[in-house]
Amino acid sequence: MDYSQFLYMKEELSLIAVILIIFVVDLFLKPGKRQEAGQARFAIVLPIFLMTIHTLINIIPGTGNVQAFGGMYQYAPMQTIVKAVLNIGTIIVLLMSSQWLKRKDVSINRGEYSVLLLSTLLGMYFMISAGHFLMFFIGLETASIPMAALAAFDKYRYESAEAGAKYILTAMFSSALLLFGLSLIYGTCGTLYFDDLSHHINGSMLQIAAFVLFFAGMGFKLSLVPFHLWTADVYEGSPTPVTGYLSVVSKGSAAFVLMTILIKVFVPLIADWQEVLFWIIIVSITLANIFAVRQKNIKRLMAFSSISQAGYIMLAVITGSAIGMTSLVFYILVYTVANLAIFAIITVIEQNSGKVSINDYAGLYKTNPKLSFIMTLALFSLGGIPPFAGFFSKFFIFMAAFKAGFELLVFIAVVNTIISLYYYLLIVKAMYITPSDEPIPTFKSDCSTRVGLTICLVGIIGLGIASIVYQTIYQYGFGL
Amino acid sequence: MEITIFIILLPLLSFVFLGLAGKWLSHRAAGLFGTAVLGVVTILSYYTAYTYFTAPRLADGTFATLVPYNFQWLPLFLGAMKFNLGVLLDPISVMMLIVISTVSLMVHIYSFGYMHGERGFQRYYAFLSLFTMSMLGLVVATNIFQMYLFWELVGVSSYLLIGFYFTKAPAVAASKKAFIVTRFADLGFLIGILIYGFYVGTFDFVGPNTSAAVGGAKMIPLALGLMFIGGAGKSAMFPLHIWLPDAMEGPTPVSALIHAATMVVAGVYLVARMFPLFIAFAPNVLHIVAYVAAFTAFYAAAVAIAQTDIKRVLAFSTISQIGFMLVALGVCTSVEPEAGGLGYMAAMFHLFTHAMFKACLFLCAGCIIEQVHSNEMEMMGGMRKYMPITHIAFLFSCLAISGIPPFSGFFSKDEILSACFAFNPIMGWIMTAIAAMTAFYMFRLYYGIFWGKENIEHHTAHKPHEAPATMTIPLIILSVITFFFGWTVSFGHFISPNGKSFDSHLETSVAITSVVIAVLSILIARTMYRNEKQVLADSLQKRFKGLWTAAHHRFYIDEVYQFVTHRIIFGCVSRPIAWFDRHVVDGFFNFLAWSTNALSYQIRGFQSGEIQQYTYVFLIGTLLLILLLIL
């Protein structure tokens with residue numbers, strides 16, 4: 001065997017190194033009485049620092065497509081960009097979890113948290129670069145099992161435990177369906193290599209069933225309707241940084257993988273999957289919006305918002321084109337900064353006052369003007385109001401879908417943006433207009449949260465205007 | 001030439017810095033910072049111009065068109081269409097760099113004295129920087145879309161600066177009027193750009209022989225015509241001129257910079273920029289431009305004769321002079337300067353000289369207004385005794401605008417008149433007559449301010465004195481330019497319609513007629529307004545009372561607008577639309593909200609919290625999808 005092939009996996013290898021370092025350092029950082037403050041800071045900063053280095057050394061895309069290990073591992077330059085986007089998301093999540101990690105009951109498991117979080121990221125890496133369905137499945141499971149542990153991380157809180165249980169049960173169920181689908185594919189084609197499969201898939205009834213089962217498994221990760229019912233409960237129960245991670249990083253990677261597999265493997269079934277996606281998009285966007293309108297808890301509201309956002313992302317997938325791919329990655333990036341900004345603010349408010357209901361946000365503008373301001377911009381970006389980045393990302397997605405001939409779908413999506421604006425603006429209204437007798441008291445968020453929010457703010461304002469980002473993604477959009 | 005990017009970035013930086021950090025700076029620091037940045041920009045512009053014009057010409061005798069930067073800002077996925085932002089250097093854009101940076105620097109220095117102690121001094125300088133950045137970005141635009149982008153930015157900064165004294169109701173009304181009127185005109189510009197982009201297939205400025213231009217040949221006249229509507233709005237052509245006189249509510253240096261020298265000539269620049277296409281595909285549209293402009297020039301000159309507010313006289317004079325420039329462009333029939341293309345060079349020449357002397361006139365007016373605390377001529381008179389420097393500068397500029405040699409205005413106006421005579425003698429005589437009116441109203445203004453009947457009572461109460469050095473130095477510089485520029489610089493060597501060097505020479509007959517007529521007009525103005533008692537003027541005013549009142553009220557154009565907008569548009573068009581909006585459109589959205597809410601209430605049971613039910617739905621959904629595909 002040629003061991004130099006491992007060099008193609010440098011992104012995965014460096015992430016494994018990061019995980020190992022954190023793991024080992026954590027062994028020697030058992031909380032003693034004396035240096036607790038300094039150690040705490042070190043334990044929080046170390047993963048962020050290592051992840052930053054990891055991101056920076058892996059940010060330049062390779063020059064061409066590469067295969068390693070007999071096609072089990074496939075590399076394309078676009079993957080580097082997607083992984084970088086996921087890295088940025090993870091770094092922001094790490095930044096915003098710091099305050100939560102300082103809490104007594106959680107602080108003892110700090111190292112565990114980072115290791116689990118980065119393990120799911122590693123799973124996503126493998127999922128993205130897989131060239132074989134088994135490899136893909138291992139990645140998928142690596143990404144979802146630690147996630148259940150993360151969801152249940154606040155183990156003394158009843159809701160968190162519930163979230164963990166619900167997540168793992170639904171994940172098992174969907175994995176079972178997905179595996180069943182894979183076995184059908186293997187049964188009809190005799191191979192699970194992506195490159196070979198596209199020649200063997202001919203649209204027989206079993207293969208269609210296999211495709212739908214596979215799609216259902218991915219639909220679970222993306223929380224598309226009707227595979228979405230777990231979302232609200234899990235989002236509400238999990239620790240807020242984990243919710244942010246679930247809604248952005250996990251979802252982003254799944255969307256990218258779904259699109260690549262649809263294009264690479266299921267290309268002979270294009271008419272079928274476009275039809276499936278067509279209905280799924282309509283149902284996801286609309287139903288999620290309708291549910292979101294009535295939510296009182298901001299985390300549940302964001303859960304439904306993320307379902308409808310997933311529907312918008314699918315709008316890029318349905319095109320099956322290079323422009324669709326570019327807009328998908330750009331959308332994920334923009335969605336990452338905006339959504340994580342909101343979750344970071346929810347986290348600090350929850351940590352400082354324990355409040356998560358929208359009504360509690362009344363009068364936030366008076367007491368915490370900066371947070372309200374960033375929250376407003378992030379919500380505007382999610383709602384797609386120009387000139388924020390969200391407008392451009394939606395614009396590109398709509399344009400891609402429009403060019404691919406899905407005019408009706410674009411129209412429905414545009415009508416739905418109006419509905420989504422309604423519930424986003426409910427939060428803004430609560431913060432700025434609704435008077436409150438006892439608003440959330442003024443507090444100072446900690447340093448790393450502020451860094452995270454600054455990154456998000458720069459992204460929200462800058463990504464739409466700095467066309468270079470989109471250009472760079474565009475360059476690699478055809479490389480699949 | 002990579003350095004040119006800083007010409008745009010530095011004022012932007014200054015705007016951001018002064019805008020964000022301004023309130024922590026002292027007035028002095030903010031003003032010095034803004035002025036220093038602009039000084040650097042001016043030096044860079046001069047350097048650019050020097051290297052550009054001293055570089056060897058191309059083989060066919062033209063200056064190279066340089067594009068040091070051209071970033072793709074927004075891809076459109078429609079063929080070759082994209083929105084770019086960049087820097088384009090060719091003779092006219094380089095010339096505009098000089099005009100804008102020079103006048104802007106003068107205004108920056110002058111404002112130091114004029115705005116001394118005003119509230120919002122830092123904000124004022126921030127806006128000036130924003131304006132300068134936008135205007136520079138406009139002239140170096142590499143494509144029509146970038147031009148539009150900065151065009152609107154210029155409009156915004158103009159709006160902000162006209163409304164600078166936002167506690168004064170007239171200033172607020174004027175700023176709104178300016179913005180709405182120009183925005184309305186820009187609608188035409190935008191539609192023109194879209195038509196141009198759609199049929200030509202690019203937003204770039206293309207030459208008449210490129211395949212892109214030929215492909216869209218039949219729609220180009222329409223596109224250019226619509227673009228000119230935008231240009232007419234910014235350049236205050238009749239009937240879109242109504243905003244400019246009101247814009248005088250802004251601080252006087254702003255009037256000098258924006259509403260005399262730079263922004264209002266954007267329309268002229270636009271026509272000049274599209275000139276090759278005008279000549280090749282739409283000569284008739286170009287001639288329409290000339291007729292509109294000639295009428296505007298006449299109308300504005302007639303109104304200027306009957307105004308008593310000195311800034312309004314200057315405003316109407318600006319409208320009239322811009323009319324001259326557009327007439328010069330409009331009478332062109334080819335790109336050969338010797339055969340019908342002279343007007344292009346004349347228009348650019350006049351743009352340059354007019355920017356200098358009109359800025360000087362406005363700055364002088366600012367000095368005077370600051371001393372007598374009024375815009376009305378009756379509060380002045382006899383000011384020559386108190387303000388000698390201002391007096392001389394004003395006189396120089398008046399002589400220039402009247403076309404008296406050797407001042408710069410004589411040379412540029414002479415070229416315009418020659419171009420008009422070459423096009424059509426009738427046009428030539430009309431423009432000569434308007435030039436005579438120009439000389440008359442300018443000297444009416446001059447004698448009214450500096451000679452004539454002195455308002456002794458007012459002047460003893462507040463004794464006027466000469467303005468401080470920060471204000472007089474710009475006047476002196478601009479007067480010197482006005483005095484020397486015409487006969488020391490051979491303009492045709494740098495700018496000509498086909499790009500080749502060309503020797504412009506005075507046409508003796510035209511020159512002599514225009515000078516004689518101008519001198520006669522000045523003499524008439526002298527006899528009417530120089531003395532204490534203005535018998536002749538008063539009796540004429542009595543005899544033609546109706547005409548005078550009409551002219552004084554600008555021939556009631558504003559009232560016509562008022563009638564059209566309020567009665568016709570608001571009453572007959574807006575009301576029904578508003579009804580439709582309130583009942584049908586809002587109804588649709590209320591229905592959407594109501595049905596969303598109702599549905600949301602009905603289906604809330606789905607989200608029961610029971611995991612068994614979740615998987616059940618999951619499975620049913622999967623099976624349904626399989627059925628959907630198989631059946």
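Predicted model: local features only at pLDDT ≥ 70, side-chain atom pairs only at ≥ 80, totals over all residues.

**Stop 1: a helix in chain B.** Select residues 508-529 of chain B, which make up helix α21. These 22 residues span 31 Å from the first C-alpha to the last, close to the 32 Å expected at 1.5 Å a residue. Now show side chains for Val510(B), Ser514(B), Ala518(B), Ser521(B), Ile522(B), Ala525(B), Met528(B) and Tyr529(B): they are buried. Turn the view to look down the axis of α21(B), and the buried residues fall within an arc of 125°, so they line one face of the helix.

**Stop 2: where the chains meet.** Zoom out to see both chains: 32 residues of chain A are in contact with 25 residues of chain B. On the chain A side, elements giving two or more residues include α7 (158-189), α12 (270-293) and α18 (407-432). Color that side by residue type and you get 23 nonpolar, 3 polar and 6 charged residues.

**Stop 3: one residue up close.** Pick Leu177(A), which sits in helix α7 of chain A. Is Leu177(A) buried or exposed? Leu177(A) counts as buried because it has 23 C-beta neighbours inside 10 Å. Beyond its neighbours within four places in sequence, Leu177(A) is in contact with Leu213(A), Ala216(A) and Gly217(A), and also with Thr622(B) from chain B.

Key. Residues numbered from 1 in each chain as written. Chains lettered and ligands numbered in written order. Helix = DSSP H or I, 4+ residues; strand = E, 2+ residues; numbered from the N terminus. Expected span 1.5 Å × (residues − 1). Buried ≥ 20, exposed ≤ 12 C-beta atoms within 10 Å, placed from the backbone. Arc of directions from axis to C-beta. Contact = placed C-beta atoms within 7 Å. Nonpolar A, V, L, I, M, F, W, Y, C, P; charged D, E, K, R; others polar.
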